[in-house]
Amino acid sequence: MDDFRKFTKQENLIYEEAIRTLTADVERGAGYEDAVNKLAIDDAQLKQLISDDFLKILIVKLHYEEGMSLKEAASKLGVTHELMVATKNEMLEEVQSSAIKAFHSDVKWGNA
C-alpha cells in the first residue's frame with residue numbers, strides 16, 4: 001500500500017471545500033454519483049481521491065455510526081453493494097497498514 005498523498009495548501013483547501021459540498025448534497029438527498037459528478041475540480045486525480053475518501057466517510061457515518069447495513073447504505077447512496085464492501089475492505093486495509101507502520105516506527109530494535 002502506498003503512502004497517503006501529501007496535499008499542497010491549495011489542494012487541502014479544495015479537498016475540505018469539496019467534502020463540505022458533497023456532505024451537504026448527500027444530506028439534501030443527492031446520490032453519491034450525482035454529488036460527485038457536480039464537483040468542479042480540474043485535477044482528475046485529486047477529484048478521484050476526494051470522491052474515494054468521501055465514500056469512506058459515508059461508510060463510517062452510515063454503517064459504523066448509524067448502524068445501517070452496507071446494503072441499505074448502498075441503496076440510499078445509489079451505489080452497488082459490491083462497491084460498498086470493496087471500499088470498506090480498502091478502509092480496513094489502510095487502517096491495518098497505518099497501525100503496522102506506527103508500531104514499527106515506535107519499536108527500537110537492538111541487541112538483547
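Which residues does L46 touch, not counting residues up to four places away in sequence? In this predicted model, L46 touches R5, F7, E11, I14 and I41, where contact means heavy atoms within 4.5 Å. The residue is found in helix α3; helices are DSSP runs (H or I, at least four residues), numbered from the N terminus. L46 is buried, with a relative accessible area of 2%; buried denotes under 20% relative accessible area, exposed over 50%, and partly exposed the range in between (1.4 Å probe, protein chains only).

The model is a predicted one, in which local features need pLDDT of at least 70 and side-chain atom pairs count only at pLDDT 80 or more, whereas totals for chains, interfaces and linings use all residues. Residues are numbered from 1 along each chain as its sequence is written, and side-chain values use heavy atoms, with hydrogens and water left out. The mean pLDDT of the protein, the predictor's confidence in each residue on a scale from 0 to 100, is 90, and 90% of the residues reach 70 or more. Among the elements, helix α4 (residues 70-77) has the highest mean pLDDT (96) and α5 the lowest (88).

Helix α3 (residues 44-65) packs against helix α1 (residues 9-27): their axes come within 10 Å and cross at roughly 45 degrees. Axes are lines fitted to C-alpha atoms, for helices over the stretch in contact, and angles run from 0 to 180 degrees between N-to-C directions. The two helices are therefore oblique to each other, as angles under 35 degrees count as roughly parallel, over 145 as roughly antiparallel, 65 to 115 as roughly perpendicular and the rest as oblique. On the α1 side, the residues in contact are E11, I14, Y15, A18, I19, L22, T23 and V26, which meet L46, L49, I50, D53, F54, I57 and L58 in α3.

In α4, the buried residues are L70, A73, A74 and L77. Viewed down the helix axis, these residues fall within an arc of 100 degrees, so they line one face of α4; the arc is that of the directions from the helix axis to the C-beta atoms. K71 and S75 are exposed on the other side. G78, with a positive phi near 75 degrees, follows α4.

T87 is located in helix α5 (residues 81-106) and is buried, with a relative accessible area of 8%.
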